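Open the model in your viewer and keep the sequence panel beside it. This tour tells you what to select at each stop and what you will find there.

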Amino acid sequence: MWPFSPKKQLELPAFWQEYEDSFQQRLPEKVHDNIFIVWDTETTGFRLDRDRMLCIGAVKLMRGSIAVKDSFEIYIQQEHYDAESAEIHGILRNGKRERISELDALKLFLGYIKNHVLVGHHVMFDVNMVNAALRRNGLPKLKNKTLDTGLLYKRTLLTSNVLQKKEKYALDELAEKFSISKKDRHTALGDALITAIAFLRILEKLNPRNVKDLIKKQDPPRFSL
Amino acid sequence: MPHTAYTPIDGCPIWVDKTPFRSDECNILTKNGPKYLGFKTYICVMKNTISERVADFLKNYPPFSALESGQLAALSYEVTIVHKESNSIVFSEKEAPHDFFYVVHKGAVALTKKGSTQILDICDEGDVFGLRPLLAHENYKLEAKAHEETILYAIPIKEFKPLALQNHLVGDFLIESFASNTRNPYSQKHRGKLYGVSNEPSQGQETKLLDLQPVRYSSDLVTCTEGTQIKTIANTMGKYNVSCILVVKDGLPVGIITDKDLREKVATGLFPITGSAKSIMTSPAITYPKELTVTQAQMAMMKSNISHLVLTEDGTTDTSAVGILSKHDIMVAMGNNPAVLLRAIKRARDSKRLRGIRQSIMSLLQGYLEENIPIGLVSKIISELNDATIKQVIDISIKKMETEPPAKFTWLTMGSQGRGEQLLNTDQDNAILYENVPESKSEATRDYFLKLGSIISTELNTIGFEYCPAEMMASNPLWCHSLDEWKEVTTHWMGNPGPEEVLLSSIFFDFNVTYGEKALADQLSLHIFDNVKKFPQFLTHLASGALQNPSPSGFFRDFLVEQDGAHKDFFDLKLRALMPMVDAARVLILSHSVKSINNTAERYEKLVELEPQNKELYLACSYASKALLKFRTKHGLLHNDSGRFIALDKLNKEEKIKLKRTFKTIKEIQSLIEIRFQVKNLLR
């Protein structure tokens, strides 16, 4: 028997179909015409195989504006729980927050993000977390374009090797540099808002010509001094 | 009073965190709506982490402070957070009213009337603007523009209006503020003209820069003649209670005697009190026309270092005197002058106050430029004020530390502020140099100064000095060293002059002591000069660094504009014109081992002295660097930015010619450097 029999193509649920269909529409070229989803997740830890998302927070950013009521905040019911990380995000296992199942969370999240560009601080971690959850629920990976404020921030600094740029800049450092209040650090929606404001400041500094240009800017510069 | 109940609509989006407003009465909400716990009426308000934060902010400012927390929570949920880049328009004059009015969360918004550059009001944190047109159903009467990068909360009028009608405290606030035409009737200063146009006639008078108004001088002249006895003069001055007396001959002023003359020449016994006025008078008297503005008068006094000016009919000594102007008169005459600002800076106890003072400094600067006051003087005054601001910030910051500094230290400002050329708010480049401490204390000392450095740099940022994008700030461990460490670092730069090291030295070597022990900095300077002799190739590298910026004009004497990036087709004034001049001055002055002259124009003037054979070129350089600085400042003020990038199509013919004239000088000084330091021999 053929040992690598192709996975049986499951009938994907309607919400996924809808999500996928949204990608038939192309992203607007101009940065200003795009809707950016700036988001963050709180998780039980950093391991993709074991840890789980507890909360997803996201805001919609368009033309420099964020409508408070159009933000996204859900808490997810999870079996896996890690007492250590609870000290950071303060989400207790049996807290009073209303929670929903992981599948419901994904459903709502996909319906919210559609084909928009996802912006996050070290966004690939969150993307991978969501992808792991999607896989657990028998769904394919996220298809959205992503922007990492950590990488973009680096591009606002001068290019020079003696200045010893750090490998990574934490969200706290960005918040400090851009004097953004850190009051809501470690709530997903709070971090999402901080990231959104940092992202806006970065946009002003980088002044990209279009979205493509902006996405390209995440790559390390080709030349240095 | 019964609360308005905000019950969630059926099937409301589940992702909204529906934490009830009163948790004691209702603490569980299910997917299908709230579960009623108990029998009391409860209020459920839609909110999430962000809306809570918005409410937290708004509750500190009227009129929102008068709202009940439930109302505020509901209102906050409807807010839109708007980010505005600096200089972008929030709304313009005559525009139809938006659905929102605005509260400044961060940053500042300038309100102006069309056709005038005069800013009517600056709204900062917590200030409300753009509300009246919405309530009155009329178009905006002012233009609102982000004065810096700004975050606004846009509050929908639809949600706000019922609250304003319901809550009489809110209504009262609005009525009062509209009636008194100020933004916040509770504040002492009635500065705002927010809700409409102010009473037009008084407007110009009120806001005009006092500086540029004609001086008021005393026209009751107290005079004597050359032969008058000193004792009589002193008696006369005492009788009229004046600090100076004019010596006249045939009705024309020939000299002046002040308190200082009496003190220094008579009381010291140099001249007897029986002597004549002629023997002690300062002659000729320095005369000016009576149509002097306050600023000009102050400049005149500063220039000649005198405290009294004689005003005559036509400004010369050949016409009769009409009045005398003393320093005191000027102080009284105006509020916004450098001396008054300086005192205000020294009295400021927190950075918020200093930030306000910086606004005044900027409008002072604008006035100076409009009046065409020599840029050399202007930059001196502004740099003085900047230095004083930084000093005050350091004093404030030291108080914030738990202990006194463990060692003597100096705060060095580098780059343009170090050169006294920072007229506009540009980046902060600074460093800390502290005295050597025993090894056992070195770590604790370093930690202390790093902490101090980061407090100071944060405070400076609050005031309006942007962070340095290259992290050249005392909060960075690389820019906070003891004397020995700095010696080591500079020796390394000079001994291994790669492009980076040259870049770093060129920024660092313009350091200027802003605060603390000057002796420490002097020791470092001496060390650097020793090294210049030790590593002669360093100057060559520095010179080559000065030449690396491409010449500003192309083959056809056209401007070279930027080819790429955000500033495509703009002319980079800093990189292509100012930097070559600055770099050239630095390498030349270092090669002469001249320390403590940092200003580029002054460096060229010193070079005129040192190398009379190149007098003409250096004079041209001095002129060009002043002209370029003025150019940059003017454009920066006009566009409220650093003035670095110039849109060429916006320049008029005269400006273009002026700019091009400086390019010739740049080319000449670059070729002088190329030949003198044999840059060609360098493998580049």
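**Stop 1: chain A**

Select chain A. Residues 24 or more positions apart account for 67% of its contacts with a separation of 6 or more. Two residues are in contact if their C-beta atoms, placed from the backbone, lie within 7 Å.

Two notes before you click further. This is a predicted model, where local features need pLDDT of at least 70, side-chain atom pairs count only at pLDDT 80 or more, and totals for chains, interfaces and linings use all residues. Residues are numbered from 1 along each chain as its sequence is written, while chains are lettered from A and ligands numbered from 1 in the order in which they are written.

Colour chain A by pLDDT, the predictor's confidence in each residue, from 0 to 100. Its mean is 82, and 80% of the residues of chain A reach 70 or more. Now select residues 83–89 of chain A. This is helix α2, where confidence in the chain is lowest, at a mean of 64. Strand β5 of chain A (residues 117–120) has the highest, at 94. Where pLDDT is low, the predicted coordinates should not be read in detail.

Switch to a cartoon view. Chain A has eight helices and six strands. Helices (H or I, at least four residues) and strands (E, at least two) are DSSP runs, numbered from the N terminus.

How much of chain A is buried? Of its 225 residues, 34% are. A residue is buried if 20 or more other C-beta atoms lie within 10 Å of its own, exposed if 12 or fewer, and partly exposed in between; C-beta atoms are placed from the backbone.

**Stop 2**

Select Val38(A), Ile56(A) and Ala196(A). They touch the most other members of the largest nonpolar core, which has 94 residues. Such a core is a set of buried Ala, Val, Leu, Ile, Met, Phe, Trp, Tyr and Cys residues joined through C-beta atoms within 7 Å. Helix α7 of chain A (residues 188–206) gives the most to this core: twelve residues.

Zoom in on Ala196(A). Setting aside neighbours within four places in sequence, Ala196(A) contacts Val38(A), Val59(A), Leu61(A) and Ile66(A). A second, separate core holds 91 residues, among them Ile357(B), Tyr434(B), Met494(B) and Ile589(B). In soluble globular proteins, nonpolar side chains tend to be buried together.

**Stop 3: a four-stranded sheet in chain B**

Move to chain B, with its 24 helices and 22 strands. Of its 684 residues, 41% count as buried.

Find the open sheet with the strand order β19-β18-β17-β20 of chain B; its pairing is mixed. Two strands pair if DSSP finds at least two bridges between them. Strands β19 (480–482) and β20 (512–516) of chain B are at the edges with a single partner strand each, so one side of each has no neighbour in the sheet.

Select residues 430–434 of chain B. This is β18, which runs parallel to β19(B) and is joined to it by three bridges. Tyr434(B) has Ser482(B) as its bridge partner in β19(B). Next, show helix α17 of chain B (residues 483–495). It packs on the sheet, touching β18 and β19 of chain B, and its direction makes about 110° with that of β19(B). Axes are lines fitted to C-alpha atoms, for helices over the stretch in contact, and angles run from 0 to 180 degrees between N-to-C directions.

**Stop 4: a covered helix**

Select residues 536–547 of chain B, helix α20. At 1.5 Å a residue, its twelve residues should span 16 Å, and its end C-alpha atoms are 18 Å apart, which agrees. The expected span is 1.5 Å times one less than the number of residues.

Nine of the twelve residues of α20(B) are buried, including Phe538(B), Leu539(B) and His541(B). Which helices cover them? They include α17, α18 (499–508), α19, α21 (573–591) and α24 (653–676) of chain B.

**Stop 5: an enclosed strand**

Finish at residues 100–106 of chain B, strand β5. Six of its seven residues are buried, so β5(B) is largely enclosed by the rest of the structure. It pairs antiparallel with β10 of chain B (residues 150–156) over six bridges. Look for Phe101(B), whose bridge partner in β10(B) is Ile155(B). Two bridges also join β5(B) to β8 of chain B (residues 128–129), again antiparallel. There, Tyr102(B) stands opposite Phe129(B).
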